[in-house]
Amino acid sequence: GRVGSERCIRDSIVKGQGVKSVGDVPYGRGFEYALAYWQRITNAFDLLRENGVGCIFIGHAETKRHEDPETESFDRFVPRLHKKSANHLVEWCDEVLFARFETRVRSVDGKFGQKQTRAVGESRRVLRCDDRPTATAKNRLGLPPEMPLDWSEFAKFLPKKEA
């Protein structure tokens, strides 16, 4: 099966340190080592970007509880990486876009005549392009807050190459 970068990094740390998991490295250093790997990876990708090569990382998201000091806590989608690694990648990337199926909620009659809400998935996939309470995202291209998950739509915002 496919193995992601984070898994490869953690496996390398575990093997090199002779532990069962990254969390077993004393003093939380395992996650510092993982961050150092990500920094080397992004430094290498910087060389590619300096030579005009576009770089795309694709990753998964997970829900995490966000403790907001000004409001009640809530869940939000964040990159499925250790917090230190995720923070580094989100800062390094020019765009962090959140792809999902468009979802609508509708009210239906439930038992005993009570109204219930049901999520209805659409077949249309969308990109969220700005940070929201529900998901981590950002962009430096002036993308709209949400757009279709379609390369031709995204490409309209990319800088044009000089001849």
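**Close-up views of the predicted model**

**View A. Arg 7 and Asp 11 pair within helix H1.** At 40% relative accessibility, Asp 11 is classed as partly exposed; this class lies between buried (under 20% relative accessible area) and exposed (over 50%), as computed with a 1.4 Å probe on protein chains only. The model is predicted: local features require pLDDT of at least 70 and side-chain atom pairs count only at pLDDT 80 or more, while totals for chains, interfaces and linings use all residues. Residues are numbered from 1 along each chain as its sequence is written, and side-chain values use heavy atoms, with hydrogens and water left out. Arg 7 is likewise partly exposed, with a relative accessible area of 49%. The two side chains meet in a salt bridge with an N to O distance of 3.9 Å, the term denoting a side-chain nitrogen of Lys or Arg within 4 Å of a carboxyl oxygen of Asp or Glu. Arg 7 and Asp 11 are four residues apart in H1, which means that about one helical turn separates them. Helices (H or I, at least four residues) and strands (E, at least two) are DSSP runs numbered from the N terminus.

**View B. Arg 49 and Asp 94 join helix H2 to a loop.** The closest N and O atoms of this salt bridge are 3.6 Å apart. Arg 49 belongs to H2 and Asp 94 to the loop between H3 and strand E3 (98–109), so the pair ties together parts that are 45 residues apart in sequence. Arg 49 is partly exposed at 30% relative accessibility, and Asp 94 is partly exposed at 30% as well. Both residues belong to a salt-bridge network that links Asp 46, Arg 49, Asp 94 and Arg 140. The structure holds 14 salt bridges.

View C. The side chains form a salt bridge at 3.0 Å, N to O. Arg 76 is buried, its relative accessible area being 12%, whereas Asp 131 is partly exposed at 46%.

**View D. Helix H3 carries a buried face.** Ser 85, Ala 86, His 88, Leu 89 and Trp 92 are the buried residues of H3 (residues 83–92). Viewed down the helix axis they fall within an arc of 160°, so they line one face of H3; the arc is taken from the directions from the axis to the C-beta atoms. Lys 83 and Glu 91, on the other side, are exposed. The cover over the buried residues includes helix H1 (5–17), helix H2 (29–50) and strand E2 (74–79).

**View E. Arg 128 is a buried residue of strand E4.** Arg 128 has a relative accessible area of 15%, and its strand spans residues 115–128. Its side chain makes a polar contact of 3.3 Å with that of Thr 134. A polar contact is a pair of N or O atoms within 3.5 Å; within protein, one must be able to donate a hydrogen and the other to accept it, and residues adjacent in sequence count only if both atoms are side-chain atoms. Leaving aside neighbours within four places in sequence, the residues in contact with Arg 128 include Val 96, Phe 98, Pro 145 and Glu 146, contact meaning heavy atoms within 4.5 Å.
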